[in-house]
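Please read these notes with the model open beside you. They go through the sheets, then the helices, then a few single residues.

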Amino acid sequence: MDDQEDDVTTGDLRAVLFGPPGAGKGTQAARLAERYGVPHIATGDIFRANVNGGTDLGREAKRYMDEGELVPDDVVIGMVADRVEDSGEAGFLLDGFPRTTPQAEALEGLLDDLGRPLDIVLHFRIDDDEVVRRIAGRRVCVDCGATYHVEHDVPEEEGVCDRCGGDVILRDDDREDVVRNRLDVYREETEPLAEFYGERGLLVEVDAVGDPDAITERATEAITSVRDGDTAA
Ligand code: AP5
């Protein structure tokens, strides 16, 4: 990746990452947000922070999250619009939003109004068996949302986040029955966005299996080619 460092234009990348639960969106979004100097806006992380903080939004979201269902569109759309407008930045990396066609249409309308259209939509591809393997081993920090894995990405001190010292735990919605429902909801509600963004020439498929560094490389190459003027998908 270092040999491409000079190609990076920081601060103005506008990208969406989408793919099934456990595809590595959060892992890659954190890396890409740092690399491109844009805020990482992750709706799941925002909801979990509200659940931990005991807010009204958190109480409402938890009812859906614990069952693997989607939080209603009107709640999510308002929340993301506030973040995008308030960020004061030209760019952003959206992780876990949009997840339904109404959300995608609302985002498109918002960005049209702001005169800041999307550059690229990265579609992370992975099969269900790998999803289940990854999610079974995932652990997350309750305070900062950092993600670990029991087999290949463990914190230095067991159960303690390297980044902030918070507790590292199993997510409530990572139980196998809930994960299966999340996969069903993904197929029904979210996967159609591949067509939505394909029609707009924004979609790039990314093979999300393999070494995390290699996947970052694939995503970076896709972003570079779109910014160099090649047509996405
Ligand atoms: P959210 O938090 O967005 O969950 P998700 O989309 O199901 O995605 P995950 O966080 O499970 O996985 P990920 O793709 O980020 O993978 P990760 O990098 O962690 O949403 C949770 C809930 O909030 C939803 O179910 C819904 O209820 C609600 N919600 C959120 N947004 C909403 C919206 N827009 N509308 C309505 N409701 C919404 O990686 C997974 C594991 O694999 C980790 O342990 C990681 O270390 C490991 N890993 C990562 N990359 C690799 C690799 N290359 N090889 C091996 N292991 C890897």
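Contact, as used below, means heavy atoms within 4.5 Å. Helices (H or I, at least four residues) and strands (E, at least two) are DSSP runs, numbered from the N terminus. This is a predicted model, in which local features need pLDDT of at least 70 and side-chain atom pairs count only at pLDDT 80 or more, while totals for chains, interfaces and linings use all residues. Residues are numbered from 1 along each chain as its sequence is written, and side-chain values use heavy atoms, with hydrogens and water left out.

1. The five-stranded sheet. Five strands form an open sheet with parallel pairing, in the order β2-β3-β1-β4-β8; two strands pair if DSSP finds at least two bridges between them. The edges are held by β2 (40–42) and β8 (203–207), each with a single partner strand, so one side of each is left without a neighbour in the sheet. From one strand to the next the twist averages 20°.

2. Strand β1 and its partners. β1 is joined to β3 by 4 bridges, the two running parallel, and V16 stands opposite L94 in β3. Another 4 bridges join β1 to β4 (residues 120–125), also in parallel; here F18 has H123 as its bridge partner. Of the 5 residues of β1, 5 are buried, where buried means under 20% relative accessible area, exposed over 50%, and partly exposed in between (1.4 Å probe, protein chains only). Both faces are covered, with R14, V16 and F18 on one side and A15 and L17 on the other.

3. β2 is joined to β3 (residues 92–95) by 3 bridges, in parallel. One of the pairs is A42 with D95 in β3. Helix α2 (residues 43–53) lies across β2 and β3 and runs at about 65° to β2; axes are lines fitted to C-alpha atoms, for helices over the stretch in contact, and angles run from 0 to 180 degrees between N-to-C directions.

4. Helices α2 and α3. Two packed helices are described by the angle between their axes and the distance between the axes. The axes of α2 and α3 (residues 56–65) come within 7 Å and cross at roughly 120°. At this contact, G44, F47, R48, N50 and V51 in α2 meet L57, G58, A61, K62 and M65 in α3.

5. Helix α5. This helix (residues 101–114) has 14 residues and reaches 20 Å from its first C-alpha to its last, close to the 20 Å expected at 1.5 Å a residue; the expected span is 1.5 Å times one less than the number of residues. Which residues of α5 are buried? They are Q103, A104, L107, L110 and L111. Seen down the axis of α5, the buried residues fall within an arc of 125°, so they line one face of the helix; the arc is that of the directions from the helix axis to the C-beta atoms. Their cover includes β1 (14–18), α4 (73–86), β3 and α8 (193–199). On the other side of α5, D112 and D113 are exposed.

6. Backbone details around α5. Most residues other than glycine have a negative phi, and most peptide bonds are trans. The peptide bond from F97 to P98 is cis, with omega near -5°, and P98 lies in the loop between β3 and α5. After α5 comes G115, whose phi is positive, near 70°.

7. Q28, in α1 (residues 25–36), is buried, with a relative accessible area of 3%. Not counting residues up to four places away in sequence, Q28 touches L17, F124, P212, I215 and T216. L183, in α7 (residues 176–190), is buried at 4% relative accessibility. L183 and P20 are 163 residues apart in sequence and 6.6 Å apart in space, C-alpha to C-alpha. Leaving aside neighbours within four places, L183 is in contact with P20, P21, D128 and V131.

8. The three-stranded sheet. A further open sheet has 3 strands in the order β6-β5-β7, with antiparallel pairing. β6 (147–149) and β7 (168–169) stand at the edges, each with a single partner strand, so one side of each is left without a neighbour in the sheet. β5 (residues 138–141) and β7 pair over 2 bridges, and C141 stands opposite V168 in β7. Helix α6 (residues 128–137) packs on this sheet, touching β5 and β6, and its direction makes about 45° with that of β5.
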